[in-house]
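Work through the exercises below with the model open. Try each task before reading its solution.

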Amino acid sequence: MSNQPGGEAAQLDLSHDAAARDAARQAEEAAEAARQAASKEAADTVLKAFGGVRGMIDMTLPGLVFIVTYNLTHQVSTSAWAALGLSALFVVARLAKRETIQHAFSGVFGVALGAWISMKSGRAEDFYLPGLLWNVGYCIALAASALARWPMIGVMLGPITGEMFTWRKENPGRLAAYTRATWAWVVIMGLKPVILFPLYFTHNVNLLGWLKVALGIPPMLLAMYVTWQILLKAPPPIKAQLDDEEEESAK
């Protein structure tokens with residue numbers, strides 16, 4: 001009967017068990033919410049650092065326009081101006097929307113250089129030469145930064161996460177994660193010049209152009225995905241302490 005001491009003890013045990021289950025469920029839900037928040041933050045950080053899908057499109061479409069126009073006209077100058085015009089249009093569109101022009105501007109600079117070289121030489125394949133050289137230089141810079149314990153991925157993401165460079169001295173796990181991510185970019189992005197440079201020397205403009213476009217976005221998406229996965233397993237960032245003047249300027 002419920003009035004007996006044993007019955008009251010049993011009810012108390014059941015109540016404690018139910019409370020323990022509720023607490024465990026709430027803790028599990030909180031942990032899952034924290035994991036999801038960390039996953040979203042890592043993904044947003046990587047996307048923002050590399051310009052997102054829009055930035056990749058800004059850097060890829062001019063090359064596509066060049067090879068399509070060249071196949072239609074067989075004119076290097078016409079193709080170069082078409083690609084350059086599209087790059088300039090991207091910059092104007094971003095300015096009109098008051099968006100950052102970093103990736104669009106870097107794209108138009110590369111296209112302008114390629115257009116100038118190809119028009120001076122008269123060889124269509126030279127349009128892609130600056131991009132190929134940039135890929136090589138970028139991979140060398142990534143590798144050098146990792147060896148110097150200033151991994152470029154950390155340098156790029158630190159200001160976005162608010163940790164600045166605390167990962168170098170205060171967060172060794174984060175430094176290790178950024179170093180692994182940087183080496184991942186070296187390997188993935190290094191495949192592009194390895195594949196494309198031999199084609200450049202064969203003067204096969206069509207194959208070079210179409211492969212350059214095909215290898216524009218997928219490797220970057222893969223590198224961004226690998227970086228995201230590495231950051232998910234890394235310690236959380238330690239926010240940098242700003243002085244009074246920096247705090248006022250940040251507001």
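**Exercise 1.** Find the salt-bridge partner of arginine 174 and state which parts the pair ties together.

Solution. The side chain of arginine 174 meets that of glutamate 163 in a salt bridge, 3.3 Å from N to O. A salt bridge here is a side-chain nitrogen of Lys or Arg within 4 Å of a carboxyl oxygen of Asp or Glu. Arginine 174 lies in helix α8 (residues 172-202) and glutamate 163 in the loop between α6 (152-161) and α7 (166-169), so the pair ties together parts 11 residues apart in sequence. Helices are DSSP runs of H or I, at least four residues, numbered from the N terminus.

This is a predicted model: local features need pLDDT of at least 70, side-chain atom pairs count only at pLDDT 80 or more, and totals for chains, interfaces and linings use all residues. Residues are numbered from 1 along each chain as its sequence is written, and side-chain values use heavy atoms, leaving out hydrogens and water.

**Exercise 2.** Is glutamate 163 buried or exposed?

Solution. Buried means under 20% relative accessible area, exposed over 50%, partly exposed in between (1.4 Å probe, protein chains only). Glutamate 163 has 0%, so it is buried. Arginine 174, at 5%, also counts as buried.

**Exercise 3.** Which residues are linked in a network of salt bridges?

Solution. Start from arginine 123, which is partly exposed at 40%. Arginine 123 bridges glutamate 125, with the closest N and O atoms 3.8 Å apart. Arginine 123 also bridges aspartate 126, at 3.0 Å. The network is therefore Arg123, Glu125 and Asp126. Glutamate 125 is buried at 6%, and aspartate 126 is buried at 2%.

Notes. Helices (H or I, at least four residues) and strands (E, at least two) are DSSP runs, numbered from the N terminus.
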